[in-house]
Amino acid sequence: MLSAYAELEERMRGRLGGRECLYVPSCRFGLYLALRHWCRPGGKVLMSPVNDDVIFFVVLAAGLRPVQAPLDPRDGSIDTAAVPESVWRDLSAVLTTNLYGNPDPAPELRGHCDRLGIPLIEDAAHAIGSTVGGRPVGTYGEASVFSLSKHTGAKTGGFLTLADPALREELAAARDALLHPTRTTAELAHLVRPYAESTLRGLRLVGAARAAVRRLGLDEREEIRMPLRAEELTRALTAAPALEPFHSWVRVDMHDYRLRPGAGRLRRTTRRFARLDDVLEAHRAGTALLLAGEYGAAEAFPGGAAEEPPAGTPPQPLYRVPLLVDDRDAAVAALARRRITTGYLYDPPLDSYAGEAFTDPSPAPAPGAWFARHALPVDPRRAAEALAVLRAAGIRPARPSMVPGGSR
């Protein structure tokens with residue numbers, strides 16, 4: 001078991017310039033470990049309101065109070081200039097999102113965290129292969145977490161990476177103490193799932209495939225956001241920090257998030273991780289095509305993106321490319337008719353979803369709310385096909401340049 005972990009960890013170390021890497025069964029589990037280690041219960045954590053609600057519940061499970069950040073409406077990244085000094089001074093940590101693989105401004109956030117003496121924790125679940133400031137995403141914080149469920153398609157596994165390698169033994173012990181034992185039934189379900197889904201989709205039984213995935217506990221949302229269940233959540237908060245009271249929220253779409261992996265699961269994950277470079281190249285090519293079109297952020301803002309990369313810089317290998325469309329519901333429907341699935345929508349923002357009982361709202365919510373409503377995340381591997389569908393359906397691009405309330 002340790003040798004299998006070691007091979008995965010060594011591969012990831014090579015991608016991050018030697019940064020210490022600890023294998024974890026899921027990104028959300030690794031994030032919980034990081035928050036518990038670096039943040040005292042009761043502290044406040046700046047995070048993006050356009051984020052998976054699972055991450056919101058992980059922050060709560062760690063005994064922390066989420067503080068929603070203002071966003072740049074072009075790409076959903078944290079807008080550091082719009083965060084008031086009064087908010088900065090009250091924070092215990094900053095948590096990035098790197099939404100869809102688009103980097104948050106880690107160098108700026110690192111500077112604020114150093115000034116305040118608080119940790120920076122990077123959620124790089126979507127951003128394996130992305131860079132910012134000439135460095136890989138995930139190399140700026142005291143800790144960062146990566147997912148192997150996204151680009152690699154392993155549907156399991158991830159990494160907690162550490163700036164200080166001396167912490168490895170302590171965090172490995174914390175990981176092992178929280179893991180659930182390997183279950184034979186869970187391992188079999190994980191190994192069989194890709195073949196079952198492929199067969200059902202090949203027979204065009206998409207509804208049956210979705211039902212099968214739901215029975216495995218891997219797709220549980222009827223709507224974009226899971227039900228908040230405010231009364232239950234209030235009771236759970238009295239027991240924080242702890243994972244068990246929040247288990248029904250944190251496990252959504254991934255019941256094995258804290259399961260010790262078996263040998264078969266690790267072998268498959270290792271094989272998929274070994275092919276990552278080819279996957280990233282495909283994502284780069286599709287990202288370039290999508291961002292160059294009329295729905296890309298550079299087109300929505302005639303002056304270009306927030307920071308134009310130097311000439312000749314390859315595009316980021318975005319996990320999904322957030323195109324900006326006027327009528328997203330119509331766009332989603334048009335793509336669905338061609339069996340192009342739109343996923344990972346984060347609307348409404350977390351402050352609207354959870355309310356002030358459970359989070360501090362963004363000091364400038366309008367840009368983030370606008371982005372949440374108009375972002376259409378497209379798989380870059382289907383870039384040409386998706387653009388053709390949107391154009392044929394008459395989908396108009398959105399123009400966020402007049403959004404009120406932001407610093408841009």
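Two exercises with worked solutions follow.

The model is predicted, so local features need pLDDT of at least 70 and side-chain atom pairs count only at pLDDT 80 or more, while totals for chains, interfaces and linings use all residues. Residues are numbered from 1 along each chain as its sequence is written, and side-chain values use heavy atoms, with hydrogens and water left out.

**Exercise 1.** Determine how the axes of helix α2 and helix α6 cross.

*Solution.*
Step 1. Helices are DSSP runs of H or I with at least four residues, numbered from the N terminus. Here α2 covers residues 27-38 and α6 covers residues 168-178.

Step 2. The two axes, lines fitted to C-alpha atoms over the stretch in contact, come within 11 Å and cross at roughly 125 degrees. Angles run from 0 to 180 degrees between N-to-C directions.

Step 3. Angles under 35 degrees count as roughly parallel, over 145 as roughly antiparallel, 65 to 115 as roughly perpendicular and the rest as oblique. The helices α2 and α6 are therefore oblique to each other.

**Exercise 2.** Describe the surroundings of Thr161.

*Solution.*
Step 1. Thr161 lies in strand β9, residues 158-162; a strand is a DSSP run of E with at least two residues.

Step 2. With a relative accessible area of 0%, Thr161 is buried (under 20%, using a 1.4 Å probe and protein chains only).

Step 3. Contact means heavy atoms within 4.5 Å. Leaving aside residues up to four places away in sequence, Thr161 touches several residues, among them Leu16, Cys21, Gly138 and Phe146.

Key. Buried means under 20% relative accessible area, exposed over 50%, partly exposed in between (1.4 Å probe, protein chains only).
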